[in-house]
Amino acid sequence: MKRMGKDGMIRVYIVEDEKLVRRGIIGLIDWAKYGMEVVGDAGSGEEAIGFLRRESVDLLFSDMEMPGLSGIEFLKKAKETAPDIQIIVLTMHQEFELIQQALRVGVLDYITKAQIEEDNPDILMERVRKCYLEAVHKTALADRRLESDTAFVWKVGEPGGAKAAKDFLLRHGMSCEELDEGHFLLRIEGKEIPDWEGVAKESGQEEAVVVQLSQVRGLRYQELAECLNTAIAARLFRDYMPGRFLYVYVYPELKKEQGLGKEGAQSDFWMNIEFMTDDAEFREGMRQICSSVSSNEERTILFYRLNLYWAEFSGKDITQFFQEVEGFKWWYQWKEWCEGLRDMVLERVGSGGTEERVRNVQEIHRAMNYIREHMDKEISLRELLQFTGMSKSHFSKNFKQITGKTFISYLNDIRIEAAKKYLVETRQPVSWIVEQVGFGDEHYFRKVFKRDTGLSPRAFRENKSNRI
């Protein structure tokens, strides 16, 4: 791989057939500010290829449309002539198909000429510099292999904390090499293994950890970096606990795990009452979630649905869910949150009960869902007794114990909450809303609404603070 120019400067070459545009690009940018120097420019592809055969260039800025040799053909020829060169494509417009072809050839990035003139050049050129250095670093990693059986990698704890972590390690005489943003390969061969807990605490990075990976002799640096961002990241998500700083893994075992693929979770298993009341079912359900859901977004959605479904039992304010889980990064956080939800549910329905108790909770839960699904229709207590197969006294006792309300109070509350949403989110008349939420009598609806909210339906709609 070619070295950069004098004093570590990135050698830049500009290819653009219009001389004024070429001169404008060169003059508009303070190249030295970004560690770059322009070593030449050309108005045609042929002229550029000739220069690349004679001189060393690190970074090529090239137009895609020029007389003679140009476009994808020119990009391929430039790569053949100077395999280590990185290319930034200059375009007039963001032409999707052409850009996709250029990316497949192996160009580093693309920018429009308008961006150079109109956008903040600092942001644009810092992006170019970062992309270039990452590409060079990645190429260097691909050519190197680990020489020892065990690798120690420092994983940065805070986003954007790579520089601070590297400075700290070097200040304390710990030789390290950056694998990528967030991972440093530590060189401690022949030395006593440090007190990682003390090192991590002193660094000020609360979530910094050290990964000890064995059986890695001969592994390419790039393969190690990929493993850190895939298999090890997945294991750390599950294993991480506050106060634990060293995590030991065996590379072949991780590769085997990765090859097995993810296990699918049973659909809506957490909607069964046994998930909350039976310890073994709860552990199995949590295991399924942990092993089958890959992204934090998917996990957040699943737990939101779970939170919503059990809100009637837990009494939790569902509007606070996203504030509660904001910043969750590790499985122990989700597990603790779900255990807290389960405790709240069990407080209402009871735990370790008999089969009869579990069956009663299941039937009341079915009745609650039935009420929600059919609230726009007339629902009688007799109808629910037939639906659940319970006697009147048995149903009433269990319903009050679980929901904290009588059947009529619960039904009215569900209907009033739905009415609030209609009042806020639509401009439909009150008479229409009364019909949608199942109140047969508008006068009775207004009376219950005023009693529960302190406002008439019209005043509630006009009061902007009453937003669901």
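What follows is a short exchange on how some terms apply to this predicted model.

Trainee: Why is E312 called partly exposed?

Mentor: E312 has 21% relative accessibility. Buried means under 20%, and exposed means over 50%. The value for E312 falls in between, so E312 counts as partly exposed.

Trainee: Where does E312 lie, and which residues is E312 in contact with beyond its neighbours within four places in sequence?

Mentor: E312 is part of helix α15, residues 311-314. Beyond those neighbours, E312 is in contact with R348, M368, R372, Y410 and I414. Its C-alpha is separated by 8.7 Å from that of I402, 90 residues apart along the chain.

Trainee: What makes Y13 and F51 a stacked pair?

Mentor: Their ring centres are 4.4 Å apart, and pairing needs centres within 6.5 Å. The planes are 25 degrees apart, and under 30 degrees counts as stacked. So the pair is stacked. Y13 is in strand β1 and F51 in helix α2, so the pair ties together parts 38 residues apart in sequence. Both Y13 and F51 are buried.

Trainee: Why is the pair of F321 and W337 called edge-to-face?

Mentor: The ring centres are 5.5 Å apart, with the planes at 80 degrees. F321 and W337 are both buried.

Trainee: What else involves W337?

Mentor: W337 belongs to one aromatic cluster, along with F303, F328 and W334 among others. W337 is also one of the residues with the most contacts inside the largest nonpolar core, which has 60 residues. Another core, of 24 residues, lies apart from that one and includes A151, V209, L228 and L254.

Trainee: How do you know that helix α13 has close to the expected span?

Mentor: Helix α13 has 14 residues and reaches 20 Å from its first C-alpha to its last.

Trainee: What makes R342 a charge over the ring of F282?

Mentor: The charged end of R342 sits 4.6 Å from the ring centre of F282. The limit is 6 Å, so the distance passes. R366 likewise lies over the face of F387, at 4.3 Å from the ring centre.

Note on methods: Residues are numbered from 1 along each chain as its sequence is written. This is a predicted model: local features need pLDDT of at least 70, side-chain atom pairs count only at pLDDT 80 or more; totals for chains, interfaces and linings use all residues. Side-chain values use heavy atoms; hydrogens and water are left out. Helices (H or I, at least four residues) and strands (E, at least two) are DSSP runs, numbered from the N terminus. The expected span of a helix is 1.5 Å times one less than its number of residues. A nonpolar core is a set of buried Ala, Val, Leu, Ile, Met, Phe, Trp, Tyr and Cys residues joined through side-chain atoms within 4.5 Å. Buried means under 20% relative accessible area, exposed over 50%, partly exposed in between (1.4 Å probe, protein chains only). Contact means heavy atoms within 4.5 Å. Rings of Phe, Tyr and Trp (its six-membered ring) pair if their centres lie within 6.5 Å; planes under 30 degrees apart count as stacked, over 60 as edge-to-face and the rest as tilted. A charge sits over a ring if NZ of Lys or CZ of Arg is within 6 Å of the ring centre and within 35 degrees of the ring normal.
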